[in-house]
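These are my notebook entries on a structure that I examined part by part. I set down each term where I needed it.

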Amino acid sequence: MTLPATDTNGGTPGRRVGLGPSGWSPQRMWSVAGAVVLVALVWGFYAWDGAQTTAVLGGTVRAATLLVLGAMCGMIGERSGIVNIGIEGQFLMSAFTAFTVASMSGSLFLGVVAGVSTGLAMGWMLAAMSVGLRTDQIIAGTVLNIAALGLTSFFYDRGRSLGQPKYQSIELGPLADLPVVGTTLFNRPPLTYLALVLVVVLHVLLLRSVWGMRTTAIGEHPGAAATVGIDVIRLRYWNVTLAGGLAGLGGAYLALESVGTFTRAMSGGRGFLALAVMIFGRRTPLGAYAAALFFGFTTALQGQFQLNDTFDIPAQFVGMLPFVVTIIVVAAAGLFGRMRDPAALGQPYEVR
Amino acid sequence: MAAAAETVVSQAEPEVLLAGHGITKRFGSVVANDDVSVELRPGRILALLGENGAGKSTLVNVLFGLHRPDAGQVVIADENVELSSPHDAIARGVGMVHQHFQLVPPMSVVRNIVLGAEPRKLGMIDVAQARRRVMELADRFGLHVDPDAAVEDLPVGAQQRVEILKALYRDARVLIADEPTAVLTPQETDHLLGVLRGLTDQGVGIVFITHKLREVMAAADDIVVLREGRVVGTTTPAQTSEAALAELMVGRAVDLHGDRFESGATGVGSAVSTAAAPSDEEPTAEAGERPVVLDIAGLCTDDDRGQRAVDELSLAVSAGEIVGVAGVEGNGQRELVEAITGLRHATAGTVSISDRDASGARPRQVTVIGVGHIPEDRAKHGLIGSYSVADNSVLNRYFRRPFAAGGMLRRDRIDSHARDVVATFDVRTPDVDSPADSLSGGNKQKLIVGREFSDDIDLLIAAQPTRGIDIGAIEFIWRRIRERRDEGTAVLLVSAELDEVLALSDRVAVMYEGRIVATVDPRTATREEIGLLMAGAAPGAASPAADG
């Protein structure tokens, strides 16, 4: 829990992307203070009821993994100037192919390959529509969502099962024996580790690499990027396509690691929640992971409440918790530091 | 041309840095450049002078590889070249400082400069090296700018230095500057001209596009005047005068300067004034006795970032006078105009217009009281580009009779009104159904002026009324504003062009950091005095007739 919270300000794309060393911004101080409070709280709860705390934290990480993969897919697109509301469809379609291929081939790995490939293909479709044909980006994303729902429902085979256990946890040596974080972070299935690595790598790439800088440039001022020889159309195509691979990994994670099967419309709106996570995380991977953990926490908490029958109210109301919190948090985030979108977000670029 | 082959081997300084020989460029049936030849030599500043539409931009776009010429030859560093894109020109050492900066606002100065040609280490930007190279360039050419600041936080003048550094970082030997002073204040302009001169001392050649005569006379080594796509004159500042250049540019005699010294309201040169106002030898002497129309007291308002932009400002404008607000841009002028016209919330103070309290009034209420407003940004706030000329001509009154009745627009009335405006204000448009976007800048501005003038107004608020338009249109708009003043309208003129403020105003209020620091008489104050006040020098230092 502490990892992401300490560094949500690693570089916020809408704001300054400076190079020089800077002192501690108020934002960084708040982040650190929040992290300290959080650690103290977790410690306290763990001392109070270790089993339940571990269960909630485990559920948090499980829910966060899917959200952060979707959020990273969204942020690569948005930083390039392309809105992707088709993440939901990318999740669903990839989950379907990952499950089907894994079931037919008997190999989870081939399933993951199929899921990622599906995500790439859907990313390419989004790019072809919104970058190549300059379709309205909202409509292009909606097309993906509707197509995914229709196709997966049509080809859905109720009788099919995975035919093997889903991805199992792997203990990371002595790290897994640590209290709290051991079971929460260092005793997870493989795709969760992969997602964590991707979060860190992508964070560095977006904020420090030549690719990341050019990506920011084509999302903020594609005309300026073009005048210095950057091929805006080409880079947008690549970015949106590759970002689709991240959503594809999310779909594979959902089917092969989180749930272990495919069910109709199993993405359940989390592709949209990923967009909220992305914005709340200020379009940075570490920020998004912090946000994903937060949203994941509400999901896990809600599940634990239902399990324990904590509240004497219908389960449906308890189940609303993540969504109510989403509304409150997004509204509050809007009231406090408003973040500017990339200036060219949603605008098709046309070569003169 | 022929000489190219002989000098190509020598690494020494080329004789000709950049040239176009016999350039012809057509767009459909329009000939934008007709057999145009220009030549730039090392260490020189070549001014391309001409009105909007004279073909300056087309010419530099050809030289920069954005357009391919239909005929003629481009020469870079003594070599005949075929440019297929700007990258070819950049690779040969030609840099462009665009009028609309090609910078990424949230990114730092260093990142903007190296973008597209980044020093790298394992795919990461080599920050230290990038920074070092930028600092070296900045030192060498005297272009000082904070390398770590985000571009969006910099003033316009500094952003322009970043643009120049960006070209120099790519080893530009030639700098094409497209209307570089259009967005600058007088001080920034002087600074820029100094910087350009510094560049030429190091062998860089500069093509400087402008329609401002004073700058040409001050900065250029060679002058080429374009009109209707042709070269109509090649000269040097020593051989010519502002008046002669203006005549070449427009094709007839023009007089924009000096009028205020002769007779306050002549407005335009005698040679062109169709309705030369005969009145007003002393149009403003009795201004104090006329009723006050606009009375601002203790006005405060914030800018978009919540910083105090107008600070307890008080100002009065009487019927029949033009009060010009001079000041470096960004000292609260925009916020002042917006607060008066109801576009911005005033945090304190009062505005009264024609003895009615207009504090906190909404834009429509302000319009209905009898205020005309020529907004600063004609594309954003002056017109709706996709609407027709006709619809734009009634934007301020479409909801009232005779243009609307019973909630329905009356097309016939609107169209006939629009035809009146088009005829009276010389708006060049094929018809009133054309979208406003299809008009040139000058014609858009004339349409706005026509709209705002066609009602009975007691107060005219004119913000940057002639920004970026050609001399012919400037002349026309100035004359109209003076006519209105002579008819008794109170005029508040806000302009970044000190020349414009001096030429039109009966009183000049100098604005600095949200306050009026002094009010001076334009007939006695000098540019230097006003410049000092604009820079924040205490009023006493310049000894104007301070009352603000």
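I call a residue buried if 20 or more other C-beta atoms lie within 10 Å of its own, exposed if 12 or fewer, and partly exposed in between, with C-beta atoms placed from the backbone. Helices (H or I, at least four residues) and strands (E, at least two) are DSSP runs, numbered from the N terminus.

I noted that this is a predicted model, in which local features need pLDDT of at least 70 and side-chain atom pairs count only at pLDDT 80 or more, while totals for chains, interfaces and linings use all residues. Residues are numbered from 1 along each chain as its sequence is written, and chains are lettered from A and ligands numbered from 1 in the order in which they are written.

**Entry 1: strand 21 of chain B**

I asked how many residues of strand 21 (residues 459-463) of chain B are buried. I found that five of its five residues are buried. In a regular strand the side chains alternate between the two faces of the sheet. On one side of strand 21 of chain B I listed B:L459, B:I461 and B:A463, and on the other B:L460 and B:A462; all are buried, and both faces are covered.

I then looked up its pairing, which requires that DSSP finds at least two bridges between two strands. Strand 18 (residues 371-374) of chain B pairs with strand 21 of chain B in the parallel sense over four bridges, and B:G372 has B:L460 as its bridge partner. Strand 22 (residues 490-494) of chain B also runs parallel to strand 21 of chain B, joined by five bridges. There, B:A463 stands opposite B:V494. From strand 21 of chain B the chain passes through helix 17 (residues 471-486) of chain B to strand 22 of chain B, a right-handed β-α-β crossover. Right-handed means that, with the strands pointing away from the viewer, the path from the first strand over the helix to the second runs clockwise.

**Entry 2: chain B as a whole**

I recorded 20 helices and 24 strands in chain B. Of its 548 residues, 47% are buried.

The domain assignment, automatic or from a database, gives chain B domain 1 (1-93 + 173-238), domain 2 (103-170) and domain 3 (287-381 + 445-542). The centres of domain 1 and domain 2 of chain B, taken over C-alpha atoms, are 25 Å apart. Their contact (C-beta atoms, placed from the backbone, within 7 Å) takes eleven residues from domain 1 of chain B and nine residues from domain 2 of chain B. Helix 7 (residues 186-201) of chain B supplies six residues, the largest share of the domain 1 side.

**Entry 3: the nonpolar core**

A nonpolar core is a set of buried Ala, Val, Leu, Ile, Met, Phe, Trp, Tyr and Cys residues joined through C-beta atoms within 7 Å. The largest has 162 residues, and B:L46, B:L175, B:I176, B:V207 and B:V510 have the most contacts inside it. Leaving out residues up to four places away in sequence, I found that B:L46 touches residues including B:V38, B:I206, B:F208 and B:D221.

**Entry 4: B:A238**

I placed B:A238 in the loop between strand 12 (230-235) and helix 9 (242-250) of chain B. From C-alpha to C-alpha, B:A238 and B:D221 are 8.9 Å apart in space, and they are 17 residues apart in sequence.

Key: Two residues are in contact if their C-beta atoms, placed from the backbone, lie within 7 Å.
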